[in-house]
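Dear colleague,

I am handing over the structure shown below. Please look through it before reading the findings that follow.

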Amino acid sequence: DLISMGFFLVLHFPYKVGFNAEEAHNIVKECVDGVLSGEDYNHNINQWTSSIVEQSLIHLVKLRKAYKNIVTCSAYGFHTASSGFWDTTPDGTCTIRWENQTMKCVVNVFTIAIVL
């Protein structure tokens, strides 16, 4: 019986494992471009950063990979750093930097594999 041998999750779990930093980078870069392209810094910055985070998460979830995703977005001209302690084989991170003449945006994506 496949279920009693532990194959149930493999056969019926609809998500894939394997972080692809380039794929995540491209997805989030498109979200940032879609929100900030053609804009100059103004008081809407909080709305823009929220929109970038929300859209990025929506598109990352659509990849149907077995991950918990964490997305942060900072816009202004300042220094930022991040770190994580995890298994670098299934887990990963990528950073997207975007800027124009009036603002800078940094988006960090952290993905942590769901192991069942």
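C73 is found in strand β1; strands here are DSSP runs of E with at least two residues, helices are runs of H or I with at least four residues, and both are numbered from the N terminus. The model is a predicted one, in which local features need pLDDT of at least 70 and side-chain atom pairs count only at pLDDT 80 or more, while totals for chains, interfaces and linings use all residues. Residues are numbered from 1 along each chain as its sequence is written, and side-chain values use heavy atoms, with hydrogens and water left out.

**C73 and the cysteines**

C73 is buried, with a relative accessible area of 16%. Buried means under 20% relative accessible area, exposed means over 50%, and partly exposed lies in between (1.4 Å probe, protein chains only). Leaving aside residues up to four places away in sequence, C73 touches T49, I52, V53, C105, V106 and V107; contact means heavy atoms within 4.5 Å.

A disulfide is a pair of cysteine sulfur atoms within 2.5 Å, and a search of the whole structure finds 0 disulfides. Another cysteine, C94, is buried with a relative accessible area of 8%.

**The overall arrangement**

The protein has 3 helices and 3 strands, which follow the pattern α-α-α-β-β-β along the sequence. Of its 116 residues, 29% are buried. Among contacts between residues at least 6 apart in sequence, 69% join residues at least 24 apart.

**The nonpolar core**

A nonpolar core is a set of buried Ala, Val, Leu, Ile, Met, Phe, Trp, Tyr and Cys residues joined through side-chain atoms within 4.5 Å. The largest such core has 21 residues, of which V32, L36, I52, C105 and V107 touch the most other members. Helices α2 and α3 and strands β1 (67-75), β2 (92-99) and β3 (104-113) each supply at least two residues of this core, and α2 gives the most, with 6 residues. V32 touches S37, I52, W98, C105 and V107, not counting residues up to four places away in sequence. In soluble globular proteins, nonpolar side chains tend to be buried together.

**Helices α2 and α3**

In the contact of these helices, A24, I27, V28, C31, V32, V35 and L36 of α2 meet W48, S51, I52, Q55, S56, H59 and L60 of α3.

T111 lies in strand β3 and is buried, with a relative accessible area of 2%. Not counting residues up to four places away in sequence, T111 touches F19, Y67, K68, N69, W86, D91 and G92. The C-alpha atoms of T111 and K65 are separated by 9.9 Å, although these residues are 46 apart along the chain.

R64 is placed in the loop between α3 and β1 and is partly exposed, with a relative accessible area of 40%. Although R64 is not a glycine, it has a positive phi of about 55 degrees. Most residues other than glycine have a negative phi.

Yours sincerely
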